Amino acid sequence: MNPMIRKELRQRMRERRGWLLPSLYLVVLGAVVAFAYFVTTTDRGQSSVQGSTVGVVLFLTLAYSQLALLLLLAPIFSAGSITIEKEQRTLAGLLTSLLTSGQIWWGKFVSSLLFVLLLLVTSLPVLSMAFAFGGIGPWEIFSATLTTVIILACVSAIGLYCSSAFQRSVHATAVSYAIVIAISVVTAIVFFVRLTMYESAHRPTTSHDWYDIPLNIRAPMYVNPFFFLTASFAPPKQLYPAWITCACVFITLGALAVALTLRNLRRRVDL
Amino acid sequence: MIDVEQMHKSFDGTRALDGFTLHVGAGELFGLVGPNGAGKTTLMKILCTLLPMDSGTAQIGGLNVDIRAREVKRLIGYLPDQPGVYQDMSVREFLEFFADAFQLTGAHQRAAVDRALERSGLADRSRNSVEQLSFGMKQRLVLAKTLLHDPKVLLLDEPATGLDPLARIELREQLKRLQAEGITILISSHILSDLEDICTQIALISAGRNATDAEGHSVVQLRAPQAPVRIYEIEVFGDSAPAVTIVNSVAGTRLLESSADRMVVEITGADDQVAALLRTLVVGGVDVLRFDHRALDLEERYRMVFRERRP
């Protein structure tokens, strides 16, 4: 086993946030589910509501709120990962050992991602409640989980890049959050503004098909994690092109972040 | 064991190393002395493969540090100027992690960690948290970590910084023991008296270049059996002018300073040359009150070299 992974996991689980964050995460998620259930059953009248409708609402609420929460948490684990080594002056010791830059990156990445995945796994019982109501199949749960993992891996890789580029954890975390906000919120705003301008310039068609919108207007949404998650709810045969395009974009972004992080670790000018 | 030829390194146009050259023999305890910003830390970082050089060559144990970095890492132990520790680990966990990082496993790892604990005098604190150790103990722990994989060469960048006098003495003793074990040590320090006590030779560095002392040496021999050039202080009764004339006439001697009744003379040669000068002075009618060998200590040499160069 990579010594970095063992060290990182040991250190992370000793921190107070090792148990505090999963607890808070589950409390928030539980509250969101309870709220969604309450709203669904109250609005429609408990007697007339279909179990499958409740299941679908709970599932969608959970999937989106889980993604939002994890997008907020992922930079905490990754962005401080390399800067902490710089701050406590242990990075030189790592780089002059027989550990390669790749091993150091992999150890940091796996430990950051594993902690976020731990949160994802702890929410599975809550997710299974939605499954129990019906309307949701194993495919939806699988594709939503896979999509969330791809997004979190990409965000963790970006966080690690920021960590390698900055000296202080606070700066790396701030820039990581700026990137998360840019891809989650700014892309959506840009899309909706441009869509509105396009629709006001052209007579709106009766068709509301996504692919009727010109590609240059749709493009920002392919980097939006919430759109990526939405695309994952399509049936397996309709994953192309939206989900596949999003997956390629996120994997490319992640790979670019990995390459830049390794370059920074090999440069070592800021030790 | 360590060979550096014409090393150049710049940061954003600022030259940190400007053609520095250094040769350290196997088993030596070699000092590197220079003022802040002279390029000592840059040199250390290049030697331990943390930084690439712009031009020149650097070899450790015959291995080019740029090309064969991984093999060089097996040979060296590097102690940075501000070594860090993982505060939330126990002393043993800290050493085990770095033993893992140097690919020591199983029985080899246990033996290496036990030896490191013994060497650092931290065996009875192996279960303590690193956070609980004093600064001096942490420094010992980091040095112990540096020795885990039995390096042949130690690169120590200002290892005595921040240590109290007792810890400095302990460090000096430990370095002497390591040298006795055959480890080649390159140490940079501002604590000149520490270097003078333990080093076999000292190289002077200033503005990234080899500097020379008042006697023209870029490398100061501290353990040489007999220095080829010696400084004598001569005090005479009455006017020193006749003595100055005699000194200037004797081959192998050079007048460095003179006042009304006192001279500082550089004599090149063995003891017979010194005796010849004294005899010539006495025969020439000079009343010599004092004829003393003046050993330049390292601090004095350092001052003479760098006094005029401080920016």
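Student: Where in chain A is A:Leu98 found?

Tutor: A:Leu98 sits in the loop between helix H5 (91–95) and H6 of chain A. Helices (H or I, at least four residues) and strands (E, at least two) are DSSP runs numbered from the N terminus. This is a predicted model, in which local features need pLDDT of at least 70 and side-chain atom pairs count only at pLDDT 80 or more, while totals for chains, interfaces and linings use all residues. Residues are numbered from 1 along each chain as its sequence is written, and chains are lettered from A and ligands numbered from 1 in the order in which they are written.

Student: How many C-beta neighbours does A:Leu98 have, and is it buried, exposed or partly exposed?

Tutor: We count other C-beta atoms, placed from the backbone, within 10 Å of the residue's own: 20 or more is buried, 12 or fewer is exposed, and in between is partly exposed. A:Leu98 has 15, so it counts as partly exposed.

Student: Which residues does A:Leu98 touch?

Tutor: Two residues are in contact if their C-beta atoms, placed from the backbone, lie within 7 Å. Not counting residues up to four places away in sequence, A:Leu98 touches B:Arg70, B:Lys73, B:Arg74, B:Ala101, B:Phe102 and B:Gln103.

Student: What should I notice about phi of B:Gln103?

Tutor: Its phi is near 60°, a positive value in a residue other than glycine. B:Gln103 belongs to the loop between H3 and H4 of chain B and is partly exposed, having 14 other C-beta atoms within 10 Å. Another case is B:Ala207, with phi near 50°, also positive in a residue other than glycine. B:Ala207 lies in the loop between strand S9 (201–206) and strand S10 (209–210) of chain B, and its 17 other C-beta atoms within 10 Å make it partly exposed.

Student: Back to the two chains: how many residues does the contact take from each?

Tutor: Chain B gives 20 residues and chain A gives 17. On the chain B side, helix H2 (69–75) and helix H3 (91–101) each supply at least two of the residues that touch chain A. H3(B) gives the most to that side, with 4 residues. By class, the chain B side divides into 11 nonpolar, 4 polar and 5 charged residues (nonpolar: Ala, Val, Leu, Ile, Met, Phe, Trp, Tyr, Cys and Pro; charged: Asp, Glu, Lys and Arg; polar: the others, Gly among them).

Student: At what angle do H3(B) and H4(B) pack?

Tutor: Two packed helices are described by the angle between their axes and the distance between the axes. Axes are lines fitted to C-alpha atoms, for helices over the stretch in contact, and angles run from 0 to 180 degrees between N-to-C directions. H3(B) and helix H4 (residues 106–120) of chain B pack at about 130°, with axes 10 Å apart. The two are therefore oblique to each other (under 35 degrees is roughly parallel, over 145 roughly antiparallel, 65 to 115 roughly perpendicular, the rest oblique). From H3(B), B:Arg92, B:Leu95, B:Glu96 and B:Ala99 meet B:Gln109, B:Ala112, B:Val113, B:Ala116 and B:Leu117 of H4(B). That contact has 6 nonpolar, 1 polar and 2 charged residues.

Student: How do H3 and H9 of chain A pack?

Tutor: Helix H3 (residues 51–78) and helix H9 (residues 169–201) of chain A pack at about 155°, with axes 9 Å apart. That makes H3(A) roughly antiparallel to H9(A). The crossing of H3(A) and H9(A) is right-handed. A:Leu71, A:Pro75 and A:Ile76 of H3(A) make the contact with A:Thr173, A:Ser176, A:Tyr177, A:Val180 and A:Ser184 of H9(A). The contact divides into 5 nonpolar, 3 polar and no charged residues.

Student: And how far does helix H6 of chain A reach?

Tutor: The expected span is 1.5 Å times one less than the number of residues. H6 (residues 101–122) of chain A has 22 residues and reaches 32 Å from its first C-alpha to its last, close to the expected 32 Å. Its buried residues include A:Ile104, A:Gly107 and A:Lys108.

Student: Which residues does A:Met4 contact?

Tutor: Leaving aside neighbours within four places in sequence, A:Met4 is in contact with A:Leu99, A:Gln103, A:Ile104, A:Gly107 and A:Lys108. A:Met4 lies in helix H1 (residues 3–14) of chain A and is buried, with 22 other C-beta atoms within 10 Å. A:Met4 and A:Leu99 are 95 residues apart in sequence and 8.6 Å apart in space, C-alpha to C-alpha.

Notes: A crossing is left-handed if the near helix is turned anticlockwise from the far one by less than a right angle, and right-handed if clockwise.
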